[in-house]
Amino acid sequence: MTITATRRSSRSWFTAVGAATTLAVMLAGCSSPDADSAQAAADETATDVRTTGNQYGTKAPYVPFEEMEDYAPIPDGYEPVLVEHLGRHGSRLLSSKKYDDLLYQLWEIAEASDGLTDLGEQLGEDLETIIAVHDEVGYGTLSGLGATEEQGIGLRAYQRMQDLFDGAADSQGSITFTSSGQDRATMSGDNFFIGLESENGSIEQIVAPRIDDPDLLYFHKSDPEYLEYKDNDEDLSDVLDQIESGPEVEEVARDIVSQLFTEEFISRIDDGEFDLVDNGKGKKHLTSVVDTASYLYELYVIAPLMSEEADVDFDAYITEEDAEVLAYISDANDFYEKGPGFEGRDVTYRMSNVLLDSFLDAIAGISTGETTQVADFRFAHAEEVIPFATLLQLPGSTKQAAEGDPYTYDNNPWRGAQVAPMAANIQWDAFENSDGDVIVRMLYNEAETAFGFDCTPTADGSYFYEADELESCLAPLRG
């Protein structure tokens, strides 16, 4: 079951596709007491949220948010000179042996005690399939779909800037390849370059040996202030406890679990009979109905990502409506732990300024001659893409949660599936004219995207910005 080829060891998406998902049941414990203000915020949010894939959160499979033929033309007299790129790894398998293993343990107990419904009997076969795929391919690795996603992104990157890459191949220019050092990031880069080189094999000769740079692309594991916040911040634990312990969560969990197990078996779960521990790292427990439903949701979102390895469909076990509630829980965790977070605090995203420095320094180096490469391709994780999107205040990542008014789908446009789906990417393309003037456009998940912070484009409504303007308007965000 080979899924990747390893080659190196050493118009605007911000337009709603439909009405934003409204989870009115959640507002009882989480909304502002000012109903009129809450409704106004909901109405505004509904016009700003792309809804495709939202039930999967940040595990949503990748599709480009805009087609190349819809891009604005490059201004006359400008030629491509540089690409700066940050990408999340593509679709992957489960990160470790836990959710699948714990559910299978519970399933075996239920089977032995005649505690399964007909649908529950079917679940066992799907669990066995998922476990078999992971045993063969490996936990945490890029899936076949992830390889396909990355190859497609690489191919389109070449097609957008073909003259740049073909010219560099002819003149022996250089392209950098930097990874977080994690296997799925490196495999994503390998597959990205397969796509980049697929229409011009000579490009392979100008790609420098891969560099692993966890300080740049895995900073969420080393920043001490962030780690202290994530592990010990009382405001964080309180708001997530409030969101996760709502009655709607228990209701949805029982709706899901009652379709799989008999009432008698569910009573045994409720009575605290089980405290199952995963056979992977031994850190995850299953003790409750909510645990059972939550872990099933983790398989619901991973199943589409392994479509090239196995034909498993978890739609039969979780309705889209129930999935939206569980996706909200997942999104809330990511919003507070990686994204905009609490109003007036920047601990979740400030550390991504190392990426901004890297992008801006390369752009500035075009004019000074210090930038000799034609492209920098970096491969990382949601924990880097989400903070960087927040730092730049990209669409969907512009609003923090005020004290006493927790994040909900009705008062905030942040959605994991839109901010950082699998293979999410942020790319700056730079162009230069004969006078040495440099302009830059940004693509976010391959959609032309305006810079915030009062950055002024070259013309009203344009997506192109002078390099000096970006250096000036983004300077306060630098490290």
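**View 1. Helices α13 and α14 cross at roughly 105 degrees, and their axes come within 11 Å.** Axes are lines fitted to C-alpha atoms, for helices over the stretch in contact, and angles run from 0 to 180 degrees between N-to-C directions. α13 and α14 are therefore roughly perpendicular to each other (65 to 115 degrees; under 35 is roughly parallel, over 145 roughly antiparallel, the rest oblique). Ala293, Tyr297 and Tyr300 of α13 make the contact with Glu320, Ala323, Leu326 and Ala327 of α14. Contact means heavy atoms within 4.5 Å. By class, these residues are 6 nonpolar, no polar and 1 charged. Ala, Val, Leu, Ile, Met, Phe, Trp, Tyr, Cys and Pro count as nonpolar, Asp, Glu, Lys and Arg as charged, and the others, Gly among them, as polar. Helices (H or I, at least four residues) are DSSP runs, numbered from the N terminus.

The model is predicted: local features need pLDDT of at least 70, side-chain atom pairs count only at pLDDT 80 or more, and totals for chains, interfaces and linings use all residues. Residues are numbered from 1 along each chain as its sequence is written, and side-chain values use heavy atoms, with hydrogens and water left out.

**View 2. Helix α11 (residues 247-257) packs on α13, with axes that come within 8 Å and cross at roughly 70 degrees.** That angle makes α11 roughly perpendicular to α13. From α11, the contact uses Val249, Glu250, Ala253, Arg254, Ile256 and Val257. From α13, the partners are Val289, Val290, Thr292, Ala293 and Leu296. The contact residues divide into 8 nonpolar, 1 polar and 2 charged.

**View 3. Helices α5 and α6 (residues 162-171) have axes that come within 4 Å.** The axes cross at roughly 90 degrees. This makes α5 roughly perpendicular to α6. Ala157, Tyr158, Gln159 and Arg160 in α5 meet Gln162, Phe165 and Asp166 in α6. The set comprises 3 nonpolar, 2 polar and 2 charged residues.

**View 4. Gly146 sits in helix α5 (residues 144-160).** Gly146 is buried, with a relative accessible area of 0% (buried is under 20%, exposed over 50%, partly exposed in between; 1.4 Å probe, protein chains only). Gly146 touches Gly90 and Ser91, not counting residues up to four places away in sequence. Leu305 lies 159 residues from Gly146 along the chain, yet their C-alpha atoms are separated by 7.3 Å.

**View 5. The largest pocket has a volume of about 1,600 Å³.** A pocket is an open set of points on a 1 Å grid over the protein atoms alone, with protein on both sides within 12 Å along at least five of seven lines; lining residues have an atom within 4 Å of a point. Grid points are joined across faces, edges and corners, and a volume is the space filled by probe spheres set on the points. The lining holds 46 residues, of which Lys59, Lys98, Tyr99, Lys284 and Glu298 lie nearest the centre of the pocket. α9 (224-232), α13 (289-302), α14 (320-337) and α16 (382-391) each supply at least two lining residues. α13 gives the most, with 8 residues. The lining divides into 15 nonpolar, 11 polar and 20 charged residues.

**View 6. The second largest cavity has a volume of about 30 Å³.** A cavity is a set of grid points where a 1.4 Å probe fits but cannot get out. Its lining consists of Tyr229, Pro340, Gly341, Phe342, Arg345, Asp346, Val347 and Thr348. These residues divide into 4 nonpolar, 2 polar and 2 charged.
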